[in-house]
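Thank you all for coming this morning.

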Amino acid sequence: MPVILSIAFRNLREHRLKTVIIASLIALGMFLLVLGNSIIDTGKAGIHESFVRSFSGDILVGPPGKDNAKPSLFGGGFGGPNMEPTKTVPDYKNTYEYLKAVPGVEVVDPQVYGAAQIELTEDWRAFVGFFGVDIAAYSAMFPDNLEILQGHFLAEGEEGVMIPEKVYLEALEKTKVDMKPGEKIKLMGFGGGTKIKFLPVAGVFRFKSSNTALRDIGFMDISSLRYLQGMVVGAVSQIKIDDTAQNLMDSDIASLDSFFDDDGVVSEAPGTTTKSLSQASLDNILGDTSNRAELVKADAGAWHYILLRTKDGVDPAAVIKDLNADFKSRNMDLVALDWEGAAGVVASFVVAAQTFFLILVIIISIVSVIVIMNTMVVSIIERTAEIGTMRALGANKSYIRKIFMTETFTLSVVGGLIGLVLAGILLFVLNRTGLPAPHSLFEIIFGGKIMHPVLSWVSAAQALGIMLLVGIVSSLYPTMVALRIQPVKAMQSN
Amino acid sequence: MRSHLESLEDAKKGHIVTLVELNDVRKVYPLGKTEVEAVKGVSFCIEQGDFVSIAGPSGSGKSTILNMIGCIDVPTAGTVTIDGRKTGGLKDRDITRLRHEVIGFIFQSFNLIPVLDVYENIEFPLLLGKQKPDKKATREWIDYLIAEVGLSQWRKHKPNELSGGQRQRVAIARALVTKPKIVLADEPTANLDSKTGEQIIELMKKINREMDTTFIFSTHDQKIVTIADHIIRLMDGNVIENLRKGVNADAMCASAQAQEE
């Protein structure tokens with residue numbers, strides 16, 4: 001074994017206390033890094049999986065909001081009233097057809113998101129987010145993401161709401177009102193002024209994904225949701241008004257009065273025909289919902305965004321890149337985002353957790369660097385005579401540097417591996433037993449109430465790199481101190 | 001720089017070779033806001049094969065002069081020439097090489113590397129050289145040195161398992177391992193009892209005779225001083241006596257005198 005390694009290893013053994021302190025610190029840092037990163041990565045993978053499969057698909061395409069804000073599954077807000085009107089997809093019909101034709105795209109699903117207040121009693125109100133969907137497209141996009149607990153999922157053209165289980169149970173507990181299927185409930189929307197609508201409950205459901213962030217979100221038929229959101233409903237936008245009718249609407253009250261006076265268009269004996277009123281004729285007139293069904297079809301008009309699912313083997317990132325380039329070249333007011341962008345605030349919880357963790361890592365690293373540095377400086381002061389002797393005997397500075405670098409590198413690798421093994425063991429145990437979220441905020445980061453974290457090898461490699469860096473950085477100053485020791489110190493060590 | 005063998009050849013032919021030359025050397029140390037002049041214009045020469053004692057009381061400048069001869073300190077003024085090379089102005093790398101090739105050190109506190117055993121401590125200076133030493137020859141040479149200093153049974157022992165005298169013997173072997181022209185010993189007997197101290201000096205003298213290695217040691221022990229054949233006495237940073245083989249040796253080097261004659 002080269003003498004440098006021999007001296008370095010034996011010195012580590014000789015100065016056990018120093019070795020234990022530094023290796024423990026590096027092991028602790030490594031342990032926390034690997035554990036934290038693995039938990040965050042597992043959470044992120046869980047959120048990714050649940051979002052892509054249940055909520056966002058692979059890609060979200062929508063118009064940018066105010067100040068170029070990215071569109072999101074939850075419009076301009078989440079979990080509360082959406083006071084800022086969310087822009088709708090421009091030139092929807094053509095955009096829809098264009099996206100359907102994009103190579104690699106398998107399913108296209110337009111959606112609207114809006115919040116409405118359910119008011120069951122005077123004292124109990126709850127803001128609930130609702131997805132308004134094209135039933136056929138939504139079913140194609142997410143064929144198996146819901147668990148219907150009562151009733152049924154909204155049928156095409158059916159007016160009503162799907163109540164999320166959490167809201168249903170809370171309401172039942174607080175008000176004893178059972179929002180069972182068929183019950184009509186009062187909903188208030190605030191888009192473009194307060195609007196009230198009574199809608200029947202079609203069913204009670206929960207998402208199969210255990211993502212806590214989306215337990216408050218229900219479904220509403222698209223027409224009602226557009227109405228409550230103050231969006232231009234397809235039925236209105238499609239009415240063609242001719243010039244005569246427009247002039248009539250623009251006319252003032254006096255002229256309207258004259259319109260209905262004796263000399264006006266209404267004759268004393270209008271030419272009416274009388275028909276007997278029967279159940280069959282009433283059903284014929286009122287039961288025909290074909291017009292309404294026509295108006296709520298996907299190509300009817302206003303949608304907040306369109307979700308895309310890519311074919312197997314197609315990289316969504318590549319499709320997003322192509323789409324954004326194409327939107328730009330065609331001057332289309334649209335952007336394409338991945339699931340993370342689509343998740344908006346929910347993904348930002350993970351980003352916040354990662355940022356918090358990063359700050360923690362920086363603090364740990366700084367503390368480790370300081371403690372390691374101090375320990376090493378003390379050790380070098382103790383070894384002044386030894387270093388001075390080596391210099392006097394003919395060792396140049398690079399030789400001394402190599403000894404200390406070897407010591408630091410060995411400590412970092414050994415400490416790092418110990419930390420990695422300990423973190424691996426704990427992660428293995430947690431994977432088996434499950435790690436319960438200690439707080440509802442953690443449920444978002446965890447992607448559910450219980451997490452089964454897995455060791456992230458990428459994180460482990462990164463952590464080892466960080467720990468090596470910590471080791472090297474913390475040895476820079478002590479090595480500098482060692483290099484400053486002159487051979488004359490060997491003579492002065494009496 | 002002449003090789004040790006060339007110097008030996010010169011010595012055998014009766015030529016006097018000057019290895020160390022100090023010319024009006026001064027050394028000033030800062031001490032707080034004041035300065036202390038440890039060496040005040042010292043000049044002397046040391047010849048090849050001499051067994052030199054630099055004697056004087058504490059604070060007389062012995063260690064400072066020894067440090068300057070050992071190239072581990074530089075003079076504030078004047079010149080120090082070692083084996084024909086002026087040490088002032090040499091780069092750290094060059095002066096390190098000069099130390100490694102020309103000078104061996106014996107320290108008062110032995111200064112062995114604690115984590116290496118006797119054999120490894122002696123071998124250590126050889127491993128600092130640019131050329132990889134021949135393994136067999138190295139082993140034989142180190143074994144010879146270990147036998148020479150009487151530590152054959154202790155070759156695998158660590159310094160902390162040895163007595164003071166044994167440690168100093170290891171240090172002597174280590175100082176000789178690179179076959180230096182000069183061995184510097186800073187009060188080599190200071191941490192030893194008088195009997196062991198005498199044995200160490202006897203050992204150094206024996207090696208000096210056998211290998212023609214120049215030994216320069218500092219001491220304030222009068223008994224040891226008398227063993228030297230060249231005595232330089234110091235007082236308050238000045239040379240007060242310079243006797244080489246019983247004859248007064250002035251500032252002019254013996255080699256120069258020989259040439260003049």
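I will go through the nonpolar core, a helix, some strands and then the contact between the chains.

What we are looking at is a predicted model, in which local features need pLDDT of at least 70 and side-chain atom pairs count only at pLDDT 80 or more, while totals for chains, interfaces and linings use all residues. Residues are numbered from 1 along each chain as its sequence is written, and chains are lettered from A and ligands numbered from 1 in the order in which they are written.

Let me begin with the largest nonpolar core, which has 181 residues; by such a core I mean a set of buried Ala, Val, Leu, Ile, Met, Phe, Trp, Tyr and Cys residues joined through C-beta atoms within 7 Å. A residue is called buried if 20 or more other C-beta atoms lie within 10 Å of its own, exposed if 12 or fewer, and partly exposed in between, with the C-beta atoms placed from the backbone. The members that touch the most others are M30(A), V61(A), I306(A), L184(B) and I216(B). Helix α2 of chain A, residues 16-56, gives the most to this core, with 16 residues; helices (H or I, at least four residues) and strands (E, at least two) are DSSP runs, numbered from the N terminus.

Now to a helix in chain A: is α6(A), residues 222-229, enclosed or open? Eight of its eight residues are buried, so α6(A) is largely enclosed by the rest of the structure. Among them are I222(A), R226(A) and Q229(A), and the helix is followed by G230(A), whose phi is positive, near 70°.

In chain B, strand β6, residues 103-106, is covered on both faces, with I103(B) and F105(B) buried on one side and G104(B) and I106(B) buried on the other. Strand β6(B) runs parallel to β7(B), residues 182-186, and four bridges join them, where two strands pair if DSSP finds at least two bridges between them. The bridge partner of G104(B) in β7(B) is V183(B).

Chain B also has an open sheet of four strands in the order β2-β1-β4-β5, with antiparallel pairing. Strands β2(B), residues 34-47, and β5(B), residues 85-86, stand at the edges with a single partner strand each, so one side of each is left without a neighbour in the sheet.

Finally, 21 residues of chain A are in contact with 21 residues of chain B, contact meaning that the C-beta atoms, placed from the backbone, lie within 7 Å.

Definitions and conventions
Contact = placed C-beta atoms within 7 Å.
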